[in-house]
Amino acid sequence: MTFNYSASPQQLRAIVTASQQCQQEVLYKCRKSRLFNPKDGSPLSWWLDQGGQRRTYWGGFLPGVQLCSCSLEENCMDMNYFCNCDADTHSWANDTGVLSYKDHLPVSQILIGDTDRTGSEAVYQVGPLRCYGDKSIWNAASFYQESSYLHFPSLQAELGFDISFHFKTSAPSGVFLENLGLSSFIRVELSSPSVVTFSFDVGNGAAFLAVKSPLPLNDRQWHYVRAERSVKDASLQLDQLPLRFLEAEPEGHLRLRLNSQLFVGGTASLQRGFLGCIRALTINGVTFDLEERAKMTPGVSAGCPGYCSGSSSLCHNRGRCVEKSSGYICDCSQSAYGGPACKEEVSVSFDRESSVTYTFQEPFSVMQNRSSQASSLSRESSSRARENVAFSFLTSQSPAMLLSISTFSQQHITLILASNGSLQIWYQLQADRKPDVFSPSPRSLADGRLHRIRIHREGKDVYVQMDQDVHRKFSLSSDAELIFIRSLTLGRVIRNENFQQEVMQAASKGFIGCLSSVQFNHVAPLKAALLNPGSSLVSIRGPLVQSNCGALADSHSLHDHAATATKDEERHGSQTQRDLAVIAGVVSAVVFISVCVLAVVIRLLYRQQQDQRSSGVKQKEHGHSVDAAYRAELHLHSSVRDNMKEFYI
């Protein structure tokens, strides 16, 4: 069946090429009408793309994949087949989905092959081609030198033309574009920091149109310019400012005759060139491919640096910075994190029955021949074998299954918590060898705290980081690559994966706790499960509840740090108080001794004065005997000795 669209193939191709994304829904219902031959996997039905090439993948899959969406969701009517229709039942079934690889769209023809048997029936429907977005709006070039420019064929614009583009710059002036003739020309330029000028000459003398902005235009923000000329008038528009008009000379020349190349971002004289970015240049309805021409021009580069090129810290955790007309956004589609800057944890609470399985697409024919091709592919690709795994978890359960990656070639990478709570990493890269297993640390991670794990493999070398510890290096017995990755599972594993007994025990226990920001290479399965629960790539079993355990754990970590600091301050304060008490005791002792010494000195002086008075009395009163004076002296010395004894005590 050949499909006729309301537009020509060339028009359809132009629409698809200019669009950011396109899709087309394909509905296929069947009764005893198979899509693939179960013996060798060869297709019995197929469709042709816009170029006439045969395509055998169906809705929900990428090119080269001969599977149906039910195999990814693991909900096919018969799990021995990869499509519902291949079960070849007498009841009606369907394999329906959306084709979204736009280079193959639209569908031009469809062929249903397995309808010649008794009782075979098939019903199909191809929906309309739907395209969204304008791909050309961000076709841009950056000019770094005043003498640099892009050149295109001369404009065919004798009786009229319209030019539109966006620009941003920090320079005070520069020529956006120029096209010359013997006596004619057109030029659009930034003539001053706040004025855009459109000038042309059709043989009647130069005409000028200028629009002045109330704010400077060299502010590194995007600004829009549109210039038009017809035999009646010319106009110039800048951003949202009022349109400026200029009527044509009533008796003058009408035809604009140009013969030089069109210069974009510069002039033929190589002077007053533009420094900055120009994007979405459209002349007479045709968008110019600035990026492709910039790739081969010195002093010019494809694309436009802006917010994203000015700082590498705007988007985090593999988020991609995307320029917008008035700023930027972070594309977090390849990140396990979310939020405006790809910094917000994406966390999910699991119970014992919970699991999330992300299924990778693999060609049906390759799967059928995987045993014969595995060894050769391993040898060819071993030098490129690499994986990156990163995630956070919080649990008090052990043993527990954290993550399992399996292939169609009986390989797997498994991360579990052993019975003692320690992390174990299992690599089964060769089906005929024992798996490599290692534990980065004997300490238990089933302690109710958030732990972050990062694993990176290059060939035989595996680097593991737990929390903030240094990277630990381990060596594998094989550097084989994972061949035909089938799925990644978080939590309980039901499928028999030929695990070792210890891994099987953890797989049966599942995982009770919180998993956060899981990333395997470019895939974020946990995020996909939350944002696209109906996707054919994601299968969810058991209860799955979005959580904020990652953020809460971070706040608890800050609280613990603050509590530790408080305890340190308390210990420091107690020590300070003890030191002050010792110092006060020493000062008190010194003061006491000083007072005692002063008291003794005063008493001695007092006794001396008493002695002098006694001596005067004896001279006046001759009635005292020598024996009395002697006794008084002995009494004085005795008192001094008593006082001295009292002082030292």
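How many bridges pair β27 with strand β36 (residues 513-520), and in which sense do the two strands run? The close-ups below take up this question and several others, all on a predicted model.

**Close-up 1. Strand β27 and its two partners.** The answer is 6 bridges, with β27 and strand β36 (residues 513-520) pairing in the antiparallel sense. Look for Ala-390, which stands opposite Gln-519 in β36. Strand β32 (residues 451-458) also runs antiparallel to β27, and 8 bridges join these two. Here a handy landmark is Phe-393, whose bridge partner in β32 is His-451. Of the 10 residues of strand β27 (residues 386-395), 7 are buried, so the strand is largely enclosed by the rest of the structure.

**Close-up 2. The open sheet of 7 strands around β27.** Reading across the sheet, the order is β34-β33-β32-β27-β36-β25-β38, and the pairing is antiparallel. Its edge strands, β34 (472-475) and β38 (544-547), each pair on one side only. On average, neighbouring strands of this sheet are turned by 25° against each other, direction ignored. At one end of the order, strand β25 (residues 347-350) pairs with β38 in the antiparallel sense over 4 bridges. Ser-349 has Val-545 as its bridge partner in β38.

**Close-up 3. The open sheet β3-β2-β6.** This sheet has 3 strands with antiparallel pairing. Its edge strands are β3 (54-55) and β6 (109-112), and each of them pairs on one side only. Strand β2 (residues 45-48) and β6 are joined in the antiparallel sense over 4 bridges.

**Close-up 4. Aromatic pairs across the sequence.** The structure holds 13 aromatic pairs. One of them is the edge-to-face pair of Tyr-149 and Phe-263, at 4.8 Å centre to centre with 65° between the planes. Tyr-149 lies in the loop between β9 (140-143) and β10 (150-152), while Phe-263 lies in strand β19 (residues 262-264), so the pair ties together parts that are 114 residues apart in sequence. Tyr-149 is partly exposed, with a relative accessible area of 23%, whereas Phe-263 is buried, with a relative accessible area of 9%. Phe-167 and Phe-274 also form an edge-to-face pair, with 6.4 Å from centre to centre and 85° between the planes. Since Phe-167 lies in strand β11 (residues 161-168) and Phe-274 in the loop between β19 and β20 (276-283), this pair ties together parts 107 residues apart in sequence. Both Phe-167 and Phe-274 are buried. Ring pairs link Phe-143, Phe-165, Phe-167, Phe-176 and Phe-274 into a cluster.

**Close-up 5. Arginines over tryptophan rings.** Arg-54 lies over the face of Trp-46, 3.7 Å from the ring centre. In a second example, the charged end of Arg-279 sits over the ring of Trp-222, at 4.5 Å from its centre.

**Close-up 6. The largest cavity.** Rolling a probe the size of a water molecule over the atoms shows where empty space is left. The count comes to 2 cavities of 30 Å³ or more. The largest cavity holds about 40 Å³ of space. Its lining includes Tyr-427, Gln-428, Leu-429, Gln-430, Arg-433, Lys-434, Pro-435 and Asp-436, together with Ser-477 and Ser-478.

Methods:
Residues numbered from 1 in each chain as written. Predicted model: local features only at pLDDT ≥ 70, side-chain atom pairs only at ≥ 80, totals over all residues. Heavy atoms only, no water. Pairing = 2+ DSSP bridges. Axes fitted to C-alpha atoms, helices over the stretch in contact; angles between N-to-C directions. Phe/Tyr/Trp six-rings, centres within 6.5 Å; stacked < 30°, edge-to-face > 60°. Buried < 20%, exposed > 50% of the residue type's maximum accessible area, 1.4 Å probe, protein only. Lys NZ or Arg CZ within 6 Å of the ring centre and 35° of its normal. 1 Å grid on protein atoms, 1.4 Å probe; cavity = no way out; pocket = protein on both sides within 12 Å on 5 of 7 lines; lining within 4 Å. Points joined across faces, edges and corners; volume = space filled by probe spheres on them.
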